Amino acid sequence: MESHGKDEPKGPVLHIVVVGFHHKKGCQVEFSYPPLLPDEGHDSSALPEEWKYLPFLALPDGAHNYQEDTVYFHLPPLSGDLKCVYGVSCYRQIEAKSLKVRQADVTRETVQKSVCVLSRVPLYGLLQAKLQLITHAYFEEKDFSQISILKELYEHMNGSLRGTALEGSQVYLGLSPRDLILHFRHKVLLLFKLILLEKKVLFYVSPVNRLVGALMTVLSLFPGMIEHGLADSSHYRPKSSASEEATLVPGIPGSEEFVSVSVTDIANATRELVGESAEEGEEPGEGSPLLRRPEDSPFSAGEGHHLKPPSRPSPESSESDWETLDPSVLEEGGASEQRDTPQLPETFDPEPGLPITVQPQSASGQAILTPGLLSGLEEDQYGLPLAIFTKGYLCLPYMALQQHHLLSDVTVRGFVAGATNILFRQQRHLSDAVVEVEEARVLIQDPELRKLLSLTTADLRFADYLLKHVTENREDVFLDGTGWEGGDEWIRAQFGLYVHSLLSTTLQPDNEKLLADYGAPFISAWKITHNYRVWHSNKHPAMTEITPGHPFQGQYSVADVKLRFSHSVQNSERGKKLGNAVMTTSRSVVQTGKAVGQSVGGALTSAKSAMSSWFSTLAQPTAVTGPPCPEHPAAKP
């Protein structure tokens with residue numbers, strides 16, 4: 001388990017909370033152990049300001065349509081805490097007439113309540129498994145005043161989970177990449193690259209357990225993301241406190257000087273460095289991608305790829321400007337503000353080519369976790385997890401309707417969020433992509449973004465390789481999910497290899513041809529994201545062991561043409577219309593042939609069979625043979 005300093009003896013579980021629906025007051029906290037506020041009692045409904053949305057997250061919108069449901073949600077840290085609070089809620093409803101003790105405020109035919117756990121560690125599936133049993137027992141009592149079982153749950157969880165390491169299968173319990181690939185097919189890779197670009201991604205489906213399952217399974221494909229990459233993923237303010245003076249939340253103890261820097265300070269420091277480089281005839285920011293100029297990037301803030309800072313400084317915008325790490329922010333905003341600039345000798349090294357920090361490596365070659373100076377996350381020797389969910393990029397597995405304002409909040413530069421309310425889906429202009437889980441559709445309105453995410457031939461080979469292994473192993477019902485190839489861990493290993501190879505390729509000189517296999521426009525857009533800049537600002541010696549290049553690079557073949565055509569026909573709107581037109585025409589021709597005569601009809605039927613056979617061949621391209629993926633990233637021979 002992660003180290004939590006002086007709070008470690010308290011255990012990984014912070015609170016056990018019961019949320020109920022009151023016919024007049026709506027969703028409210030009915031019980032908490034220990035109390036959510038130290039000065040309040042166990043039955044107090046008072047909440048910390050930062051957790052004002054807790055009742056609406058634990059008891060989701062539209063819950064009355066289901067007998068039971070499960071919710072994963074994230075809460076912002078309270079003052080003094082440094083990391084995200086992970087919540088798991090189990091909801092149930094029963095008929096009021098079945099209660100042994102019916103309280104006076106129970107006026108409806110059904111009683112709806114949720115029991116939730118607030119934890120320091122992201123053990124979603126493990127917490128859910130334990131919580132479901134206790135929730136069932138709590139409801140079977142049919143007397144909600146019997147709270148002793150909830151206190152026992154708190155003690156049991158802290159006793160059993162204390163010392164649990166955030167590695168291994170326990171972290172991924174309940175998250176199945178196999179089911180995700182079977183449902184989304186090649187679009188899983190599209191979602192993967194979409195999050196790498198730090199876009200605003202909204203997942204939509206009901207009930208909530210399907211929603212959070214799909215969203216968190218996609219995130220589990222990123223190496224180390226579930227274990228250590230979400231610590232800074234829920235730093236937002238409730239709407240009522242948006243006008244209060246903003247203060248930066250530090251990432252880790254001792255790193256405040258690296259992350260809690262105002263945009264004005266960075267802008268002034270950057271202009272000094274740019275001026276020095278210009279006088280020496282060097283390209284500014286050549287050694288540090290954090291200082292790259294806007295003209296060095298194919299996309300600028302003015303084109304909508306980054307949040308444009310407001311012209312009038314505000315408490316919220318000062319934090320947001322630094323969080324975006326937009327190149328244009330670094331060069332503007334300080335001209336009209338004359339104030340002393342503090343010296344930052346350790347934050348940015350003006351000498352090109354020298355990294356900000358070098359990640360240590362153990363003598364045995366095993367991965368060791370160290371706090372990243374810029375990301376504030378626990379990183380391995382490869383610099384993973386990537387610092388995606390940091391500095392205003394949120395991960396909200398479930399969003400309540402009361403949190404709708406976060407989609408347009410200026411302090412939020414992006415999000416991966418889940419919602420069940422149709423109002424979220426209808427306002428698509430607030431998101432870059434809407435993922436409709438039920439139909440396995442990814443709706444992207446911006447044509448430029450669609451071009452960026454267009455899968456290359458090597459990407460299609462990779463996606464087809466995964467799909468082939470998953471579907472082939474799926475045919476054996478007795479061995480389903482028991483083997484290595486095609487299993488959940490195998491799929492995560494494949495995506496781990498994909499990320500390691502991608503990062504290694506970006507470090508190679510004259511790597512344009514190698515990067516083209518990932519998509520040149522995608523690479524250009526990714527290199528100006530916050531997560532890539534933070535990763536590239538550090539030196540990771542272990543990356544020299546990784547073989548550069550796409551795992552499925554190679555010469556084009558007839559199989560690639562079939563794969564590309566099949567991909568276009570099955571997934572583009574134009575392709576679907578073409579396929580439907582061909583099938584409709586085939587049926588019409590056959591019917592006409594039968595009317596003309598038996599001989600002619602037989603010939604046309606044969607022609608139709610040949611056409612159908614040809615299309616089925618295209619729809620099932622030749623299996624792609626991929627490199628054997630070890631449990632660890634591939635090393636150079």
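## Contacts and the model

Two residues are said here to be in contact when heavy atoms of theirs lie within 4.5 Å. The structure described below is a predicted model.

Helix H3 itself runs over residues 148–161, and its buried residues are Ile 149, Leu 150, Leu 153, Tyr 154, Met 157, Asn 158 and Leu 161. These residues lie on the same side of H3, because they cover an arc of only 170 degrees around the axis. On the face turned away from that buried side, H3 carries the exposed residues Glu 152 and Gly 159.

The length of H3 can be checked as well: at 1.5 Å a residue, its 14 residues should span 20 Å, and this agrees with the 20 Å between its end C-alpha atoms. After H3 comes Gly 163, which has a positive phi, near 85 degrees.

## The five-stranded sheet

Five strands, in the order E2-E1-E5-E4-E3, make up an open sheet in which the pairing is antiparallel. Strand E2 (26–33) and strand E3 (68–75) are at the edges and have a single partner strand each, so one side of each is left without a neighbour in the sheet. From one strand to the next, the twist averages 25 degrees.

Within this sheet, seven bridges join strand E1 (residues 13–22) to strand E5 (residues 110–119) in the antiparallel sense, and Val 19 has Ser 114 as its bridge partner in E5. Helix H2 (residues 124–140) lies across E1, E3, E4 and E5, and runs at about 30 degrees to strand E4 (85–95).

## Nonpolar cores

In soluble globular proteins, nonpolar side chains tend to be buried together. In this model the largest nonpolar core has 143 residues, and those with the most contacts inside it are Leu 118, Phe 203, Leu 230, Phe 389 and Trp 526. When residues up to four places away in sequence are not counted, Phe 203 touches a set of residues that includes Leu 191, Leu 211, Leu 215, Val 416, Val 435 and Val 437. Another core, of five residues, lies apart from the largest one and has Leu 374, Leu 377, Ala 387 and Val 534 among its members.

## A buried glycine in a loop

Gly 392 is found in the loop between strand E9 (378–379) and strand E10 (393–396). With a relative accessible area of 9%, Gly 392 counts as buried, a word that applies under 20%. Although Gly 392 and Ser 233 are 159 residues apart along the chain, their C-alpha atoms are separated by 7.6 Å.

Terms used:
Residues numbered from 1 in each chain as written. Predicted model: local features only at pLDDT ≥ 70, side-chain atom pairs only at ≥ 80, totals over all residues. Heavy atoms only, no water. Core = buried A, V, L, I, M, F, W, Y, C linked by side-chain atoms within 4.5 Å. Buried < 20%, exposed > 50% of the residue type's maximum accessible area, 1.4 Å probe, protein only. Pairing = 2+ DSSP bridges. Helix = DSSP H or I, 4+ residues; strand = E, 2+ residues; numbered from the N terminus. Axes fitted to C-alpha atoms, helices over the stretch in contact; angles between N-to-C directions. Expected span 1.5 Å × (residues − 1). Arc of directions from axis to C-beta.
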